[in-house]
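Trainee: I have a structure to read and would like to learn how to go through it feature by feature. Could you show me the general idea each time, and then the case at hand?

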Amino acid sequence: MNLIKRYYRFRSFVLETIGRCRPLVRQFIRFLALPYCYFRMVDWKTCPKTRIQVAGDFAYLFFVLKHFPANYSMHRLWELERNQWAYYFGSIYDPLQRYAVDRELLPKDNQILTNDKGLWHIMAKSLEIPTPRFFGEIGPDDGFRDRIHSLLAAEDVPGLFIKLQRGAGGRNAVLARMIEGEVVITDAIDNVRTLSEFTISKTCVIEEAITQHSEISAIYPYSVNSIRFITILTQSKTVHEIGAMIRFGVEGSHVDNRSRGGIAVRIDLESGVLSGNGLSTLGIDFEFHPDSGTRFDETQLPCWQQIREIAKETQSKFTFQKLLGQDIAITPDGPVIMELNSHPDTLGFEQVCGPLFQNRNTWEVFKEWDLLISRPVRQLYS
Amino acid sequence: MSSNAITRFRKLSENLERLRIALTPWFRVIIRLLALPYWYLFKVDRSICRIGNWQIFKDFVYIVCVLRSFPGTYYPTRLWEMDRSEWAFYYGSILDPFQRAALLREVSQYEYHVLAKDKEVTLRVCEAFDLPHVTTLAILDQVDNYKAELLKLLKLNNHHKLLIKPALGSCGENIKLIFLKENQVWVRESEEVYPLEELIINQRYLVQPFLEQHDDLNTLFPHAVNTIRAITIFDKKRNRSLLLGAKLRTGTRKTYTDNMHRGGISIGIDPTTGRLTNRAMDYEARFYVDHPYSGIPLLGFQIPYWNESVNLILETQTKIKKLGFIGHDIAITAQGPCIIELNHQPCMMGFEQAYGPIFKNKASWEFFRDHDLLINQPSRNLYQS
């Protein structure tokens with residue numbers, strides 16, 4: 001028996017060591033990718049610094065702040081003093097950051113609970129979290145066309161959203177609508193197909209295409225413009241709101257994802273008022289929505305206090321993941337949670353909302369969970 | 001060029017991952033081979049298995065080389081008592097490297113194990129699908145004021161006994177019984193009893209009332225909830241669930257759990273009638289004819305609500321089809337069956353010990369054959385003539 005126990009102890013030691021080495025290996029691979037980042041990911045037209053200065057900045061980011069410098073251009077760090085850089089968390093996919101976050105907040109086993117959209121709906125139903133109506137899953141071989149047709153014919157829904165069960169960034173999401181007795185499928189780049197032309201290669205989930213609040217539709221009517229609300233659970237089980245932004249689709253697209261050209265605007269957490277201009281992923285500034293001409297700054301979002309309540313409640317109920325990027329849509333009846341993201345894109349979030357650690361409370365919660373990777377970040381506020 | 005480099009890098013890491021998955025069972029086989037002498041010398045009780053060391057050695061070699069299994073099943077299932085041609089009807093341990101790799105690949109994806117591994121997730125899934133399950137009064141961890149909370153739950157709900165189970169526990173480990181006695185609250189953990197003030201919890205626990213089981217099962221053994229362990233598999237090709245078999249577990253020595261690891265015994269259930277069979281064994285592979293506590297004859301004992309239990313088991317597997325292979329722990333109350341917990345890696349060895357070889361049912365064998373889960377030639381050749 002002792003022998004077996006010893007073997008298991010040895011095995012867990014080996015596995016733990018491999019687990020600890022993994023982020024270091026990944027960091028090394030990123031080190032090899034630094035020249036690529038230097039030559040391809042810096043907007044040399046707008047960056048006023050010399051190549052040598054940028055190389056020095058990269059070295060500082062990588063070796064001192066322990067970030068891959070993908071955010072250098074995105075956050076226009078050249079415009080800031082170096083001591084300001086520590087306020088940025090950087091990418092949640094940076095190896096050391098990710099290792100710490102997964103270890104403390106997002107156990108690997110639990111990530112499937114949000115990564116699988118069908119499973120997320122099951123969890124949401126049990127936890128009484130409001131979501132769009134869920135009509136189940138379809139696979140490439142289970143007569144999905146009949147299913148879509150019968151749902152659209154029978155259910156009182158304006159349309160159906162069909163998303164990959166394990167997709168991200170709005171990839172392959174399509175909208176199915178019944179127009180004059182025919183099912184019409186529209187994809188993210190507005191290609192229109194009939195149902196017979198529509199195919200799926202992997203399991204998908206079917207959700208109701210919700211009708212959004214008229215005040216949000218007035219800004220951009222073709223996509224469900226969702227709020228990305230990031231929350232974290234503290235060790236004493238209270239919910240800390242890290243921040244929120246809202247994303248709008250553009251040019252007729254029916255998805256609002258920034259990776260599909262969408263624009264994001266920061267939301268003032270206390271008031272629910274949009275603050276500042278909209279930003280695309282490429283860093284292009286929009287004072288007005290390019291389609292509707294609505295001015296972003298100082299626009300009040302409807303149902304804001306309700307949204308905050310739902311975001312906090314969702315985080316406190318869904319304790320399997322202690323850090324959540326919540327995608328919230330506002331319907332005429334109030335907010336609903338579209339989906340939860342286990343690894344919210346902090347890079348894009350900081351581009352729109354500013355550095356996470358500008359808020360001292362956020363820094364303290366991250367410190368409490370031992371998520372501060374580099375010394376300059378740990379020394380903020382001390 | 002640069003995006004090509006990234007694509008190539010991704011392909012390389014995917015291929016490395018595939019290689020890792022392919023090599024893992026072989027690596028595990030090597031570790032098991034190293035453990036063989038230990039098993040041969042210490043895990044076969046020679047006072048019960050009296051066929052001689054040379055014969056045991058030959059049997060071990062046959063199991064490893066021909067059946068491609070680790071002979072961990074040899075003693076618990078008393079293989080020496082039967083003809084070798086019968087051995088292929090046994091699936092063996094789910095933890096055997098090749099069996100495990102095939103199951104993970106075909107029916108039980110690793111990432112969905114959390115549905116059964118974490119009891120809180122199981123609870124949520126059962127709630128969402130309206131599957132009857134044992135009530136959970138609270139979920140507590142080290143941050144909560146758990147002693148006060150337990151006291152409150154014990155008194156408010158008028159429960160005399162509560163069970164607290166770690167959300168991530170298995171084999172009945174760390175399950176504690178909280179009970180009132182002489183106006184004081186006590187904790188029982190295995191054989192140890194101590195006051196509630198001394199309770200320390202360092203992980204997430206589910207608090208559940210101690211279930212009142214059906215009277216028939218109480219007559220068998222009243223001190224633990226005697227549960228049914230059923231194993232099912234989901235057939236994606238035919239979109240249906242298949243019951244591989246079932247057994248009843250009962251406590252024996254005033255234990256409050258029925259796990260075999262904690263001294264319980266298991267008895268096979270005839271799936272068509274719900275009556276106990278003559279295969280009753282404990283963890284040490286000792287046979288029983290009557291229940292050692294109550295003296296009730298085991299053979300023919302009727303499980304109450306059997307048809308309802310089978311329906312619940314199959315319904316659960318069909319609804320939770322993302323997890324294609326489930327071990328169900330079902331309790332029978334006066335109102336009917338309810339789910340106690342689900343298991344993502346049910347112990348097949350212990351299961352076959354009580355239920356018997358699962359491939360005796362041709363439908364089960366066909367499922368395993370159709371899903372490429374048979375890993376040795378003798379089991380592939382079953383029913384061929």
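Trainee: How much area do chain B and chain A bury between them, and what share of it is on carbon and sulfur atoms?

Mentor: Please keep in mind throughout that this is a predicted model. The size of an interface is often given as the accessible area lost when the parts come together. Here chain B and chain A bury about 2,200 Å² between them, and 60% of that area lies on carbon and sulfur atoms. Counted by residues, 26 from chain B are in contact with 27 from chain A.

Trainee: How many salt bridges does the rule find across the interface of chain B and chain A?

Mentor: The rule finds 6 salt bridges across this interface, and a salt bridge also joins the side chains of A:E137 and B:K322, with 2.5 Å from N to O. As for polar contacts, 10 residue pairs, both residues at pLDDT 80 or more, are found across the interface. On the side of chain B that touches chain A, the elements giving two or more residues are helix 1 (2-42), helix 5 (114-117) and helix 6 (119-128) of chain B. Helix 1 of chain B supplies the largest share of that side, 7 residues, and the residues of the side as a whole divide into 14 nonpolar, 1 polar and 11 charged.

Trainee: Is helix 6 of chain B mostly covered or mostly uncovered?

Mentor: Helix 6 of chain B is mostly covered, with 9 of its 10 residues buried, among them B:V121, B:L123 and B:V125, together with the charged residues B:K119, B:E120 and B:R124. At the start of this helix, a side-chain oxygen of B:D118 comes to within 2.9 Å of the backbone nitrogen of B:E120, while the residue B:D130, which follows the helix, has a positive phi, near 55°.

Trainee: Which residues have the most contacts inside the largest nonpolar core?

Mentor: In soluble globular proteins, nonpolar side chains tend to be buried together. The largest nonpolar core in this model has 72 residues, and A:L113, A:I227 and B:I228 are the ones with the most contacts inside it. Helix 8 (residues 117-127) of chain A gives the most to this core, 6 residues. A second, separate core has 49 residues, including A:C37, A:Y88, A:I232 and A:L371.

Trainee: With which residues is B:I228 in contact, leaving aside its neighbours within four places in sequence?

Mentor: With those neighbours left aside, the contacts of B:I228 include B:L248, B:I269, B:I303, B:W306, B:I330 and B:I332, and also B:K247, B:H328 and B:D329.

Methods. Residues are numbered from 1 along each chain as its sequence is written. Chains are lettered from A and ligands numbered from 1 in the order in which they are written. This is a predicted model: local features need pLDDT of at least 70, side-chain atom pairs count only at pLDDT 80 or more; totals for chains, interfaces and linings use all residues. Side-chain values use heavy atoms; hydrogens and water are left out. A nonpolar core is a set of buried Ala, Val, Leu, Ile, Met, Phe, Trp, Tyr and Cys residues joined through side-chain atoms within 4.5 Å. Buried means under 20% relative accessible area, exposed over 50%, partly exposed in between (1.4 Å probe, protein chains only). Helices (H or I, at least four residues) and strands (E, at least two) are DSSP runs, numbered from the N terminus. Contact means heavy atoms within 4.5 Å. Buried area is the accessible area (1.4 Å probe) that two parts lose on being put together, summed over both. A salt bridge is a side-chain nitrogen of Lys or Arg within 4 Å of a carboxyl oxygen of Asp or Glu. A polar contact is a pair of N or O atoms within 3.5 Å; within protein, one must be able to donate a hydrogen and the other to accept it, and residues adjacent in sequence count only if both atoms are side-chain atoms.
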